Amino acid sequence: MPEPYDVITMGRIGVDLYPLDIGVPLARVETFGKFLGGSPTNVAVAAARLGRRTAVITRTGRDAFGEYLHQELQGFGVDDRWVTEVEEYPTPVTFCEIFPPDDFPLHFYRQPKAPDLEIHPPELDLDAVRDARIFWMTGTGLSAEPSRAATLAALQARSESARSESPAREFRTATVFDLDWRPMFWAGGDHSSVAPARYREALAHATVAVGNIDECEIATGEREPHAAARALLAAGVELAVVKQGPKGVLAVHRDGSTADVEPLPVEVVNGLGAGDAFGGALCHGLLAGWDIARIMRYANAAGAIVASRIACSSAMPFPDEVERALAEGAVTDDTAAGPSGAAS
């Protein structure tokens, strides 16, 4: 049988247009950098940078931006075989504004509908999904059909395989639900009446849940980190990871082990890709079989490095950069600058 992927992610993709002018409102920005974007896609890039074999399941428009995304995925070493085209809708574009240290407004252009919400269940390679050591999906994929049905089909395939005696079972590490709450993608926005139920349905199939306080509240109704972690475990996962921004990250495992890890000191340039770097590093640590405290420290360091850089996908760190940041106890200017000596 084919070698299983280390990580398969599923969901959002697009083109990020980030200003090269920091602290300038979008209306006055004159120069932009163009980057591969979309949270689950960036997670696949982050894991690939750390040496993992990754692929992404998503869809683009049939346009020049779609071609660009294929080129970028291939350049980053992410398998793009399941990145297919949708004739009806353009490839999404996302603009951001950069106001360090903690204000990074996003402006999504995903109308009338994003192609990545047009993933249909029959298009899925469920054998590859079942066999992947880690399968990573996001809350955005639950926000509209047919993406919701496809996401649940993938999750159910993972659950059914885990209950079987399939030979691929020995390779499986985790089914990760990135809570990824984006209210602008849901009918009703912050007051969506359907999102909590859809989150609970997906949590029943996941083994790991990852989210910040707002995302945990949508999934569980809880905002206090320990209460949110307990609620996520009660919903069915084995490991709950609650990201708390400047307060660090809390991880609680069903076996009783916990890790409450402080953030790594960093001069923030753009915080938007930090969570995706965290996700890729989380996958890397799970695959390596580390204890949860080590995984959280490593993932925190990866996220901090990306927060020190303007871009997201191209800013994802290599293993030696993460280890250097951990050894130094902070993201230094040299680490922020990247291997080439210039900021990513």
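Analyst: Let's start with Phe108, which has a relative accessible area of 21% and so comes out as partly exposed. The cut-off explains the label: buried means under 20%, and exposed means over 50%. Keep in mind that this is a predicted model.

Where does Phe108 sit? It's in strand 8, which runs over residues 106–109. If you skip residues up to four places away in sequence, Phe108 touches Arg12, Val93, Thr94, Arg182, Met184 and Phe185. Take Phe185 from that set: Phe108 and Phe185 are 77 residues apart in sequence, yet their C-alpha atoms are 9.5 Å apart in space.

Leu264 lies in the loop between strand 14 (258–261) and helix 8 (274–288). Its relative accessibility is 16%, so Leu264 counts as buried. Setting aside neighbours within four places in sequence, Leu264 is in contact with Ala301, Ala304, Ala325, Gly329, Ala330 and Val331. Ile305 is 41 residues away from Leu264 along the chain, with 9.1 Å between the two C-alpha atoms.

Now for a whole element. Helix 4 covers residues 147–163, and its 17 residues should span 24 Å at 1.5 Å a residue; the end C-alpha atoms are 25 Å apart, so the two values agree. Helix 4 is mostly covered, with 12 of its 17 residues buried.

Buried residues make up 58% of the 344 residues. Of the contacts between residues at least 6 apart in sequence, 69% join residues at least 24 apart. A compact globule of 344 residues would have a radius of gyration near 20 Å, and the protein has 19 Å, so that agrees too. Along its principal axes, the C-alpha trace spans about 55 × 45 × 45 Å.

Last, the surface and the charges. The protein exposes about 13900 Å², and carbon and sulfur atoms supply 50% of that. There are 30 positive and 48 negative charges, and their mean positions are 4 Å apart.

Definitions and conventions. Residues numbered from 1 in each chain as written. Predicted model: local features only at pLDDT ≥ 70, side-chain atom pairs only at ≥ 80, totals over all residues. Heavy atoms only, no water. Helix = DSSP H or I, 4+ residues; strand = E, 2+ residues; numbered from the N terminus. Buried < 20%, exposed > 50% of the residue type's maximum accessible area, 1.4 Å probe, protein only. Contact = heavy atoms within 4.5 Å. Expected span 1.5 Å × (residues − 1). Rg over C-alpha atoms; globule rule 2.2 N^0.38 Å. Areas by Shrake-Rupley, 256 points an atom, 1.4 Å probe, with all protein chains shown as cover. Lys, Arg positive; Asp, Glu negative; His and termini not counted. Charge placed at Lys NZ, Arg CZ, Asp CG, Glu CD.
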